[in-house]
Structure formats: C-alpha cells, structure tokens
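Here are some notes for a colleague who is opening this structure for the first time. They are meant to be read beside the sequence and the 3D view.

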Amino acid sequence: KYIEYSEKVRKIFLSYTELVEPFGIDEAWIDVTDLRFSHGSAENIAYEIKERVKRELSLTLSIGVSFSKVFAKMGSDYKKPDAVTVIDRQNYKELLYPMPVDSLIFVGNKTRDALKKINIKTIGDLAETPRSELISLFGKAGSNLYDIAAGISDDEVKSYYEREEVKS
C-alpha cells in the first residue's frame, strides 16, 4: 500500500513537471521554477499540490519550499503534518542557523561529533566556519558541508526520467 500510494503521489508531481527527483520512497524534490508564470509562486504551487493530494488520495503532505534542495527538505520537516514551510533567502538564517548541525541531511553522528570537537554545534556555526578549515578537516565533503549550510549549494533537481536506478 505504501509503495502504491507513493507512486500515486509521484504521478501527481509529474503532472506538473518532469523535474521530480525522488528522495527515498516517500519524498521528492520538485523544481517548479518554470511553472511560476502559469501557476503563481512556488508557495502557491506547493499549496495546490498539497490540496490536490489530500482531495484525490486522502493523504496529507508537508512541503518545504526553498531555493536549495537541502533547505526544501528541512522545510518539509519543519512543520508536520499537513503544512507548507517557505525557507527563502530572507528567512533561512533566522529559521535554520539556530538548529543543531546534525539537522542537516548528510551530517551523521560521526560528522556531528567531529564538528563538535571544534565547537561547531549549530548550522549557523557551520556556515560561519571558513571553508578552508572545513576542507582541511573533511576534504571535499567539507566544502560541500559549507555550501549546504551557507545556502549556496547549486545542486539541481534531476529529471524523473533521467534518474539513476536504485541499487539496493
């Protein structure tokens, strides 16, 4: 049932755009940039999708709207259930910087513990740490961590039809 409904939700997403990148079985990133002229703001589109899923499938969604995939994911986790959270360039520092550093996806226990040793406890601490220091500690991953925390990651949403096959 879970897989069946996940596929039904994904079909609704795909009725808006092919820029739907699955993230696990029940989450996806959707790039609605090209829909803003026909459907209004990204926030309006998120509400439209959320209400359509509720009407057609009797399911609730929590949706994060952001300029960054990671921040959109964090927005979807910010308020549950049945909510839309906008994390934009004006509010991301206020909303996210006080949060624990391991609230970021890709920051697991080992990375959190290594960051804690150099007094990085929040997302804000991470964003304010010089990139060079993070690179010296974590290599290329340090640069990626900096970009994600600072909101400058340029990772684009991939087309649903060009996604890699799941190997596990």
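**Notes on the model**

1. Pro81 has its place in the loop between helix H4 and strand S4 (83-87), where helices (H or I, at least four residues) and strands (E, at least two) are DSSP runs, numbered from the N terminus. The peptide bond that leads from Lys80 to Pro81 is cis, and its omega is near -10 degrees. Most residues other than glycine have a negative phi, and most peptide bonds are trans.

2. A word on the basis of these notes: this is a predicted model, in which local features need pLDDT of at least 70 and side-chain atom pairs count only at pLDDT 80 or more, while totals for chains, interfaces and linings use all residues. Residues are numbered from 1 along each chain as its sequence is written, and side-chain values use heavy atoms, with hydrogens and water left out.

3. The loop between H4 and S4 also holds Asp82, which has a positive phi of about 60 degrees although it is not a glycine. Asp82 is partly exposed, with a relative accessible area of 25%; here buried means under 20% relative accessible area, exposed over 50%, and partly exposed in between (1.4 Å probe, protein chains only). Ser58, found in the loop between H3 and S3, has a phi near 60 degrees, again a positive value in a residue other than glycine. Ser58 is exposed, its relative accessible area being 64%.

4. Helix H1 (residues 2-14) packs with helix H3 (residues 42-57) at an angle of about 135 degrees, and their axes are 11 Å apart. That makes H1 oblique to H3, given that angles under 35 degrees count as roughly parallel, over 145 as roughly antiparallel, 65 to 115 as roughly perpendicular and the rest as oblique. The axes are lines fitted to C-alpha atoms, for helices over the stretch in contact, and the angles run from 0 to 180 degrees between N-to-C directions.

5. Which residues of H1 and H3 make the contact? On H1 they are Tyr5, Lys8, Val9, Ile12 and Phe13, and on H3 they are Ile49, Arg52, Val53, Glu56 and Leu57, contact meaning heavy atoms within 4.5 Å. These residues divide into seven nonpolar, no polar and three charged, where Ala, Val, Leu, Ile, Met, Phe, Trp, Tyr, Cys and Pro count as nonpolar, Asp, Glu, Lys and Arg as charged, and the others, Gly among them, as polar.

6. Helix H9 (residues 140-150) is largely enclosed by the rest of the structure, because eight of its 11 residues are buried. The buried residues of H9 are Gly142, Ser143, Leu145, Tyr146, Asp147, Ile148, Ala149 and Ala150. They pack against helix H4 (69-78), helix H5 (92-96), helix H6 (109-117), helix H7 (123-128) and helix H8 (131-138). After H9 comes Gly151, whose phi is positive, near 75 degrees.

7. Ser159 lies in the segment after H9 and counts as buried, at 6% relative accessibility. When its neighbours within four places in sequence are left aside, Ser159 is in contact with Glu18, Leu19 and Val20.

8. A pair of aromatic rings is described by the distance of the centres and the angle of the planes. Rings of Phe, Tyr and Trp (its six-membered ring) pair if their centres lie within 6.5 Å, and planes under 30 degrees apart count as stacked, over 60 as edge-to-face and the rest as tilted; by this rule the count comes to six aromatic pairs. The rings of Phe67 and Phe71 have centres 5.6 Å apart and planes at 85 degrees, so this pair is edge-to-face. Phe67 is partly exposed, with a relative accessible area of 27%, whereas Phe71 is buried at 0%.

9. Phe67 also pairs with Tyr92, edge-to-face, at 5.5 Å centre to centre and with 70 degrees between the planes. This pair links distant parts of the chain, since Phe67 is in the loop between strand S3 (62-66) and H4 while Tyr92 is in helix H5, 25 residues apart. Tyr92 is buried, with a relative accessible area of 10%. Phe67, Phe71, Tyr92 and Tyr97 form one aromatic cluster.

10. Glu94, found in helix H5, is exposed, with a relative accessible area of 63%. Glu94 and Val53 are 41 residues apart in sequence and 30 Å apart in space, C-alpha to C-alpha.
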